[in-house]
Amino acid sequence: MAASSVLRKCKILKSCVNTGIGIRQLNQEGTHFIRCTQFGRCLSTVSQNNSHICHDGKGPRGSDWMYHQRQVSTTAVKFKAASFRSELASCKRIVVKLGSAVITRGDECGLALGRLAAIIEQVSELQNAGREMLVVTSGAVAFGKQRLRHEVMMSQSMRQTLSQRGDINGGQIILEPRACAAAGQSGLMSLYEAMFSQYGVTTAQVLVTKPDFYHDYTRNNLRSTMHELVGMNIVPIINANDVVAPPPEPDKDLQGVISVKDNDSLAARLAVEMSADLLIILSDVDGIYSGPPGLEGSQLLNTFYPGDSTSIVYGSKSRVGLGGMESKVKAAQWALDRGTSVVIANGTTLDNTIMKVINGRKIGTFFTNAKEAGMTVEMQAQRAREGGRALQALTPDQRADIINRLADLLVDRQERIISANRKDVEIARRRGGLSGPMLARLALSPGKLHNLADGLRQIAASSHENVGRVLKKIQMADGMELCQETVPIGVLMVIFESRPDALPQVAALAISSANGLLLKGGKEAAYSNACLHGLVQEALSLHAPKDAVHLVETRDEVSDLLELEGLIDLVIPRGSSELVRKIQNESKGIPVLGHSEGICHVYVDKDADPDMVVKIVRDSKCDYPAACNAMETLLIHKAHRNTKLFEDILDMLKAENVKFHPGPRLAQSLKFGPAEAKSMRAEYSGLECAIEIVEDVCEAIDHINKFGSSHTDSVVTENLSTAEAFLQGVDSACVFHNSSTRFADGYRFGLGAEVGISTSRIHARGPVGVEGLLTTKWILRGSGDTVQEFGHGGERKYLHERLQ
């Protein structure tokens, strides 16, 4: 039975609707409620099977549905809030609450226009992208205070003379806040209209007071108006009508500025009334802390669960608004309990806070009812550091035992490993999106696993020479011996994609160097990574805690992990140039070891052996085209143009299905042929390469230093002086003579394995094995020595005798 039929048949309902106090709502079970907006009673239900039940003023839940006239009720429909940050990207209706401390200046007299403009730009972008944005704002008092203070200062003498109404207190003008609000409301709204109009967004002002929420009738009117505005693609700007608001309570306000507690409650109630998906409360702190933010030991809570409030110590209130964090937490919990997701974040930073929240970044404090299984990444990093210290306490033989055990497990459990890897490959092919080179990196084979095991055994054999090795020993003075020894870096985080074979390699290097390790693999290799990590933990259990090596499986974005300065000491990306470049750009406080591109060159000199040329070029390009050390550009001396060697090179590339792109000079000399290379700085990562003609070795060096990526470059020549000029002139991590670029690899260098190849000029360069995961510390052994003894006229002198 339709609701209209119910109204015709039921005199009680008809009377309520005719008098404007009957509204129709829908609950989760699909039942229509006709509710009295005056008393909050459920007057009738119309279920999905069209049955009609008239409750005659009594709701189906009895007295629970009866409300006192001044009690604030909630909507009948209840939604489920987002469980994880990654779900916030799908939020449609979003309420943004701007606290007084966010949009007012430090002197509390006027608005912080720069911050406000940044917030409006983000809100407009989301609104124009199809979201439904609502803004709850403060600022009218501050805006009006600025205008009235100027007016008072201009006419202060006259006013004091005529009426003595200008109150002076130590030179400070005292202004009544409600008068400030009256003077500031219109100006504040005009400012919002002007700023939003720059993005083609229309706004509407909605003034509310506390009593507007006391009665269902007024709440219904407010809700109806808001829905109408949102439906017309208008952004409602909601603020408290402080012109008629009662004076704030002394403990909830300061200097007459709008109580943050009231505004937080207003935002929470409005979000629930409007069935908003997300409420973003912008404050002047980064989020909820375990204690007052300025107190030593207070930690930012990235995620807040119900019940956590009992363990939080709240500090003083903010400089304006002053509801404080306690009111924000209560308002957030209230909204969360009613199905609205909440994030409290810092709105004073010009850092796209709102967009980052929507995109699921770990910014501010996210309120959720769902506790994520397992440890947080912060806990994993701390456990990894403790595990690394336990590894450092082991003997070299014990660390070698762990690595050898892992090598044996790779061979003994290869069927299990390949079975897990097969799942990843099948899923990747079914979903699509991975290129041929990425699929090639993803796949494991018995041959790959045996090579991995051999590399791990090399690492184990060298474990005796890593941690605690004395690099220098100096006799500073009689009875004073100074040593420089190798020590672990601390906690490493290795981020890799489509490379499950990197996991045991990196784990072995971390164990050998006694570093704690966090591994963040791509989701495309989830089954392979889980299987291999299980083997690593099984091997660790011989002598060390399993927590020394963690596989990060949380929903944290890589960009969020890069902000864990103090917990992670070095980041090592392994994957595409896009991944490495992104990590290098986003990591601000944590050093990054790696290379963003692998644009490798082979230069064929005029004195090169033809057979050697074809063999080296084929191996450099075709052995593993997806590798970062594969040749991407072939430089050929001009003397070989239109020779048999030139034709042999092209024929070989054609036979290997390699597509080549001529450089500018070669393209000019070709009457027919492929299109010119779009760029000489291209990493193809497949069966493609660029070919260019150069004048001599000097031009080849200049070309490589200009277009290369400082990775690996090789010269093919029988002329030793030319080779030496190339080896010394090319500024790359690896420079070869008469060798394939594919030799740039930790295993082939005898390092056992590598965590990656670094093109950096600091710390480590080239294939990075165990040596690149160590740093040093100075140890001084003395006998009661003081600096004063070596001063001017002192009894003792420095020897600085090198002992080792």
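Biologist: Is Ser-620 buried or exposed?
Modeller: Ser-620 counts as buried, because its relative accessibility is 0%. The cut-off for buried is under 20%. Keep in mind that this is a predicted model.

Biologist: Which helix is Ser-620 in?
Modeller: Ser-620 lies in helix H20, which covers residues 610–622.

Biologist: What does Ser-620 touch?
Modeller: Leaving out residues up to four places away in sequence, Ser-620 touches Val-602, Ala-630, Met-631, Ser-740, Thr-741 and Arg-742.

Biologist: And which backbone oxygen lies 2.9 Å from a polar atom of its side chain?
Modeller: That of Ile-616.

Biologist: New topic: helix H13. How far apart are its end C-alpha atoms?
Modeller: They are 26 Å apart. H13 has 18 residues, 414–431, so at 1.5 Å a residue it should span 26 Å, which agrees.

Biologist: Which residues of H13 are buried?
Modeller: Gln-414, Ile-417, Ile-418, Ala-420, Asn-421, Asp-424, Val-425 and Ala-428. They cover an arc of only 160 degrees around the axis, so they sit on the same side of H13.

Biologist: What's exposed on the other side of H13?
Modeller: Glu-415 and Arg-430 are exposed there.

Biologist: What covers the buried residues of H13?
Modeller: The cover includes helix H12 (396–412), helix H14 (436–442), helix H15 (446–461) and helix H17 (526–540).

Biologist: Which residue follows H13?
Modeller: Gly-432 follows H13. The phi of Gly-432 is positive, near 75 degrees.

Notes
Residues numbered from 1 in each chain as written. Predicted model: local features only at pLDDT ≥ 70, side-chain atom pairs only at ≥ 80, totals over all residues. Heavy atoms only, no water. Helix = DSSP H or I, 4+ residues; strand = E, 2+ residues; numbered from the N terminus. Expected span 1.5 Å × (residues − 1). Buried < 20%, exposed > 50% of the residue type's maximum accessible area, 1.4 Å probe, protein only. Arc of directions from axis to C-beta. Contact = heavy atoms within 4.5 Å. Polar contact = N/O pair within 3.5 Å; in protein donor to acceptor, adjacent residues only side chain to side chain.
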